[in-house]
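Let's take a walk through this structure together, with the coordinates open beside the text. The tour begins with charged side chains and moves on to helices and strands.

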Amino acid sequence: LRGALRAARTAAVAVATRNARLDQPRGKRPGACNWARAAWCAMAEGGAGGGGGTAAALGNAYVDAETAAKWSHDRYKSFTLTYFDIWARGESGRLLFAYAGVPFTDHRIGRAEHAALKAAGKLPFGQIPVLEVFLHDGTSVRFAQQGAIGRFIAGLSDMVPADPLEAALSQSLWEAAEELSHAQPAIHVFRHLPDKSKYEARRAEVMKLWPEKLPRINALIAERGGPFLLGARVSFG
C-alpha cells in the first residue's frame, strides 16, 4: 500500500524525486515514528513536551543552495510551509517547491506548537498545512489547504496549464489521487486502535478502491502519450 500511495501521489503531482536529498526528512524521524504510525507520531514530535519538531533548515534538503540563489520574484520574497514532521498532507508542497526550484522554509512542528498556533489564530481553518508568503513590501499572507498551496507553488513555475481544458484534466487527476491519499493513512490510524474490526473494515474498503482507481489513473496518462498527463510536460491542476 505504501508503494501504491507514492505512485498515486507522483501521478497527481507529477513530480519525481530527483535525488536522494528528497528522502532526507523521512530519515530524520525517530525510528519509532515510522510511516505506518505517522498520525500518532505527528502529535508526539518534539520530545516528551510535544514541542518544536525538526529544524526549519530542512528546506535545504529539497532545494540546493545553488538553485535557491538563482530564484527571485518581483512580488514574493520568501515562503514558509508549516506542517508536522511527516509526509502526509505536507509532502506534496515540499516536492512542488523542489521541482520548481523555489527556496522555502520547511517549518516542521510538534503538538505543542500546533496547539499554540491554533490558539493564536495563526491557522486559517484551524489546521495545517499552512503556507505563509512574505512580500517585498514587508507584509505577508497566510493560507491553508493542501490543494490551494500546491496550485500556488505550481503557479510560480510553468506547471499550471493556461488552457482551461488541460487545467481541468490535471485537476481531475489530482482529485482522484486525493481520494486515495485520504483513505490510506486512515488504515494506519485504525490499525493501532484496540478494536481491530475497524481496521479490518477500513482496510477492506481501501483494498477495493485502490485496484479500481490506480489502473484508471495509469490508463488516463497512457492514452495521452505519457510519461505525464500532458505528455512530456509536468503539470498541476
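How many salt bridges does the structure hold? In this predicted model there are 10 salt bridges. Several of the residues involved belong to one network, in which salt bridges link Asp 85, Glu 91, Arg 94, Asp 106 and Arg 108. Zoom in on Glu 91 and Arg 94: their closest N and O atoms are 2.9 Å apart. Both residues sit in helix H5, which spans residues 91–100, and they are three residues apart, about one turn of the helix.

Now turn to another salt bridge, the one between the side chains of Lys 213 and Glu 179, with an N to O distance of 2.2 Å. Lys 213 counts as buried, because its relative accessibility is 17%. Glu 179, with 42% relative accessibility, counts as partly exposed.

Glu 212 is partly exposed at a relative accessible area of 37%. Arg 216, at 56%, is over the 50% limit and is therefore exposed.

The buried residues are Glu 91, Ser 92, Gly 93, Arg 94, Leu 95, Leu 96, Phe 97 and Ala 98. Just after the helix, Gly 101 adopts a positive phi of about 70°.

Which residues of H5 meet helix H7? On the H5 side they are Ser 92, Gly 93, Leu 96 and Phe 97, and on the H7 side Gln 146, Gly 150 and Ile 153. Sorted by class, this contact has three nonpolar and four polar residues, and no charged ones. The axes of H5 and H7 come within 9 Å and cross at roughly 0°. An angle under 35 degrees counts as roughly parallel, so this is how H5 runs relative to H7.

Four strands form an open sheet here, in the order E2-E1-E3-E4, and their pairing is mixed. The edges are strand E2 (105–109) and strand E4 (140–144), each of which pairs on one side only. On average, neighbouring strands of the sheet are turned by 20° against each other, direction ignored. As background, strands of a sheet pair through backbone hydrogen bonds, either parallel or antiparallel. Strand E3 (residues 130–135) and E4 run antiparallel and are joined by five bridges. Along this pairing, Val 133 stands opposite Val 141 in E4.

Two helices lie across the strands. Helix H7 (residues 146–155) lies across E1, E3 and E4, and runs at about 130° to E4. Helix H6 (residues 111–119) lies across strand E1 (76–84) and E2, running at about 100° to E2.

Where is Tyr 62 found? Tyr 62 is in the loop between helix H3 (38–41) and helix H4 (65–70). Although it is a loop residue, Tyr 62 is buried, with a relative accessible area of 1%. Its C-alpha atom is separated by 8.8 Å from that of Phe 104, 42 residues apart along the chain.

The other residue is Gln 171, which lies in helix H8. At a relative accessible area of 17%, Gln 171 is buried. Leaving aside residues up to four places away in sequence, Gln 171 touches Arg 151 and Gly 237.

Terms used:
Residues numbered from 1 in each chain as written. Predicted model: local features only at pLDDT ≥ 70, side-chain atom pairs only at ≥ 80, totals over all residues. Heavy atoms only, no water. Pairing = 2+ DSSP bridges. Axes fitted to C-alpha atoms, helices over the stretch in contact; angles between N-to-C directions. Contact = heavy atoms within 4.5 Å. Salt bridge = Lys/Arg side-chain N within 4 Å of Asp/Glu carboxyl O. Buried < 20%, exposed > 50% of the residue type's maximum accessible area, 1.4 Å probe, protein only. Parallel < 35°, antiparallel > 145°, perpendicular 65-115°, else oblique. Nonpolar A, V, L, I, M, F, W, Y, C, P; charged D, E, K, R; others polar.
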